[in-house]
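Subject: Handover of a structure and findings

Dear colleague,

Please find below the structure that I am handing over to you. My findings follow it, and I would be grateful if you read the two side by side.

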Amino acid sequence: MQRKKNKAAQFLSLPALILYGVFFVYPLLRGIGMSLTNWDGMGQATFIGLKNYFDFFSDKRALHDIQTTVIFAVGSAVLLNIVGLLYALLMNTEFKGKSIARVIIYLPAIISPLIMGYIWYFLLQPKRGYLYYACMQLGLPDLIGNWMSSYHSALAVLIVVNVWQFAGMTMIIYLAGLKAIAKDYTEAAAIDGATKWQLFFRITLPLLMPAIRINVVTNIIGSLSVFDVIMSLTEGGPGYATESLSIYIMRMCYGSRTGYSTAVAMILFVIILIPVLISMRLTRQKG
Amino acid sequence: MGKKKFLAVLLTAALGMSTLAGCGATDTSTSGEAPDTNTVTEAATPAASEAEAADSTEKENKAVDLTFFTGKVETVDLLNQIISDYNQQSGGITVEQEYQADASNIIKIKFASGESPDLMTTYEQEYVNQGKYLDLSDRNEWWDRLIPSMKESCTDLESGKQYRVCTNMTMAGFFYNKEMFDELGLKVATTWPEFEANLEAIKEAHPDVDPWFIFGEAWHLGHLIEFMPHGYIKAKYGATEAKKAMLSNDSAKLDWGNPDGAMATFAKNLVELQKKGLINEDVLTATSDNCIDAFVTGKCAMFSNGMWCLSDLLTKNPDMADKIGFAPYPAFMEDGVPVVLVAEDSGYSISAETEHVDEVVDFLNFLFSAENQKKYAETLGSPSAFKDVDASWAPDSIVSGVNDAVASATNIGFTNEKPAGFSGDDAGRLVQDLLAGTYSPEEFAKAYEEAWNAGYTN
């Protein structure tokens with residue numbers, strides 16, 4: 001009976017395995033093979049060993065893009081978790097209009113990041129954007145600066161837009177975590193004289209650790225492969241200042257360096273694998 | 001339990017079948033490609049189907065589907081009309097137009113996947129070198145009608161052969177507000193000091209007007225390099241020698257990195273104008289639409305662009321027709337001369353892999369007819385390259401202004417011979433860095449030279 005059940009399970013998992021093989025394993029193996037060639041996207045590919053990988057580490061633009069991508073990912077993850085947690089704490093209290101507020105906070109997450117980038121572009125355009133005109137009406141025309149014209153401010157804008165868009169998703173996970181905390185703990189601590197801060201830092205926060213782990217890891221993974229919001233908001237500019245590694249891969253691929261771009265994609269894959277492995281390890285420890 | 005298992009197996013089978021169904025071949029076209037949302041299709045009309053039915057046997061034998069790939073959004077509607085007319089009388093040949101905004105990249109995927117369109121407007125030296133286009137050198141029925149300079153522009157320098165036919169010409173220079181120039185008594189500048197003096201006079205008389213509006217899109221900033229420092233090289237050495245220098249990366253002639261050379265001088269001039277407030281403050285974030293809006297509302301006095309923006313200007317403000325002036329780029333080097341771009345436009349290339357050469361040629365003969373080309377030139381706002389086409393492509397005042405500018409300056413073409421790994425957009429991004437203050441003019445020239453050289457080796 002058990003053997004029959006196992007066979008049925010194996011049979012039922014076949015479609016998923018086929019899809020996984022066709023859409024993940026095969027492209028991955030082809031990608032590894034391609035990354036060892038100098039293929040330009042059209043002509044004959046010649047095997048060049050690990051040259052593309054060595055070239056990457058002397059490619060100033062690529063290294064700058066890694067820096068930009070990591071700053072974006074870490075900055076986004078930190079802010080997303082702080083803002084998401086604050087939203088969740090707010091939504092865990094009772095107030096009038098809570099349902100509407102929750103929808104409003106979550107709403108940006110269902111809009112395409114590409115569209116979101118364009119919306120913010122037209123909001124933030126200096127001297128022409130909607131926020132500029134709004135500030136002008138308030139007598140504060142200098143409040144909106146030329147933020148997308150320099151590396152640091154453009155990167156900050158990108159992080160803020162990303163946080164504004166996805167804080168709602170982070171909030172939902174935290175809210176689920178907060179709902180799962182039994183009231184007995186906080187009530188017992190309150191009876192023992194714990195202050196609100198002590199309740200939060202000694203009881204709530206430690207019990208939210210699984211939610212924090214999920215949020216931090218998913219935010220970092222998502223942000224490391226960021227592409228669309230940057231393309232629509234700054235196009236990686238000025239120059240290549242805010243170019244992410246994903247955008248660099250696309251540009252190299254279309255710039256007659258398809259083999260090299262595949263090698264960079266493999267490196268990005270390894271970079272993303274790091275938080276994934278950390279997450280798996282943490283989860284296993286917990287188990 | 002048994003029922004549940006049966007249901008699970010049934011659902012799994014259904015899922016598997018539906019997945020595999022997606023992999024099934026279609027027989028709707030010769031390429032087997034399903035139309036996507038970006039595809040603009042013009043198929044045969046019912047009337048055409050009826051006409052075909054009249055002599056069905058002959059038509060069935062001739063039935064051919066041709067794919068025409070373009071990235072020129074401004075011509076899609078007009079070409080759909082022409083294609084529809086053609087399909088109705090073609091005797092079984094059906095042309096299907098596919099427009100893609102990112103055509104220059106998508107064509108690469110099509111080439112790589114062996115799905116080359118039969119006919120295309122995308123053209124790159126790289127593809128010529130790889131033998132992707134059909135040799136059209138012996139098509140004298142077209143070349144005999146073409147203005148000789150346009151035939152020369154269509155000629156591949158390395159092989160001396162023609163792999164595309166360009167039906168139109170385009171010009172690029174400075175569009176300026178004639179009314180404002182007349183009001184301030186300004187004349188078109190031929191040297192950089194005159195140009196700067198004009199901008200200063202405009203700024204002084206109209207502080208709320210941007211004397212020169214530059215928008216931050218990479219292609220536009222790349223065009224400034226194309227028309228000014230590259231223009232200087234093309235004017236200095238002549239079209240053919242300049243092309244050869246670029247093909248062979250002749251550093252003695254190009255000399256991009258020289259701190260006193262054309263590239264550094266161009267950068268120095270641009271930064272100086274930026275510091276003096278003679279270009280718009282939001283240069284890095286402004287769009288081409290912002291530029292058009294600023295010009296038609298009198299908020300900017302001049303901007304650099306090609307004739308392709310003319311229809312937008314006149315659509316947004318038809319009253320501008322008499323106020324639009326057109327001027328060459330002033331000489332910005334001591335030994336330089338004013339230049340204006342006069343280049344080929346709307347080029348058509350036939351795939352070397354097509355099995356339907358005669359049918360594609362038949363369609364092109366229809367498209368290149370004087371009647372269709374007149375319609376095309378007038379809709380596009382671009383003069384025809386055919387000698388036998390008499391088209392009113394713009395209001396008379398603009399046409400005469402453009403003719404004067406073209407006659408008064410050295411005519412240059414586009415740089416098709418730049419290194420494959422260094423695009424016009426890449427050049428524009430370096431200008432973004434310059435305007436963002438990342439580079440000094442000398443560093444900019446050096447960075448340009450490095451990127452240019454790397455474009456040959458990458």
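Is Glu235(A) buried, partly exposed or exposed? Glu235(A) has a relative accessible area of 37%, so this residue is partly exposed. Please note that the model is a predicted one, and that the values in this message are computed from it.

Contact between the chains

The side chain of Glu235(A) forms a salt bridge with that of Arg429(B), with an N to O distance of 3.6 Å. Glu235(A) sits in the loop between helix H11 (228-233) and helix H12 (245-254) of chain A, while Arg429(B) belongs to helix H21 (residues 424-435) of chain B; the pair therefore joins two chains. In contrast to the partly exposed Glu235(A), Arg429(B) counts as buried, because its relative accessibility is 5% and the limit for buried is under 20%. Over all chains, the count of salt bridges comes to 23.

Through shared partners, salt bridges join Glu196(B), Glu200(B), Glu272(B) and Lys276(B) into one network.

Chain B contains 22 helices and nine strands. Of its 458 residues, 52% count as buried. Among the contacts in chain B with a separation of 6 or more, 76% are between residues 24 or more positions apart. The chain exposes about 19,800 Å², of which carbon and sulfur atoms supply 50%.

The largest nonpolar core has 64 residues, and those with the most contacts inside it are Phe175(B), Leu310(B), Leu313(B), Tyr348(B) and Leu364(B). Domain 1 (28-168 + 346-380) and domain 2 (170-344 + 394-457) of chain B both contribute residues to this core, so it lies between them. Leaving aside residues up to four places away in sequence, Leu364(B) touches Leu119(B), Trp142(B), Tyr348(B) and Ile350(B). Another core, of 59 residues, lies apart from the largest one; Phe195(B), Ile202(B), Ala242(B) and Leu435(B) are among its members.

A histidine in chain A

His64(A) is located in helix H3 (residues 60-91) of chain A. At 24% relative accessibility, this residue counts as partly exposed. Not counting residues up to four places away in sequence, His64(A) touches Tyr151(A), Tyr240(A) and Ala241(A). With Ala241(A), the side chain of His64(A) reaches the backbone oxygen at 2.9 Å. Ser244(A) is 180 residues from His64(A) along the chain, and the C-alpha atoms of the two are separated by 8.8 Å.

Yours sincerely

Note on methods:
Residues numbered from 1 in each chain as written. Chains lettered and ligands numbered in written order. Predicted model: local features only at pLDDT ≥ 70, side-chain atom pairs only at ≥ 80, totals over all residues. Heavy atoms only, no water. Helix = DSSP H or I, 4+ residues; strand = E, 2+ residues; numbered from the N terminus. Buried < 20%, exposed > 50% of the residue type's maximum accessible area, 1.4 Å probe, protein only. Contact = heavy atoms within 4.5 Å. Areas by Shrake-Rupley, 256 points an atom, 1.4 Å probe, with all protein chains shown as cover. Polar contact = N/O pair within 3.5 Å; in protein donor to acceptor, adjacent residues only side chain to side chain. Core = buried A, V, L, I, M, F, W, Y, C linked by side-chain atoms within 4.5 Å. Domains from an automatic or database assignment. Salt bridge = Lys/Arg side-chain N within 4 Å of Asp/Glu carboxyl O.
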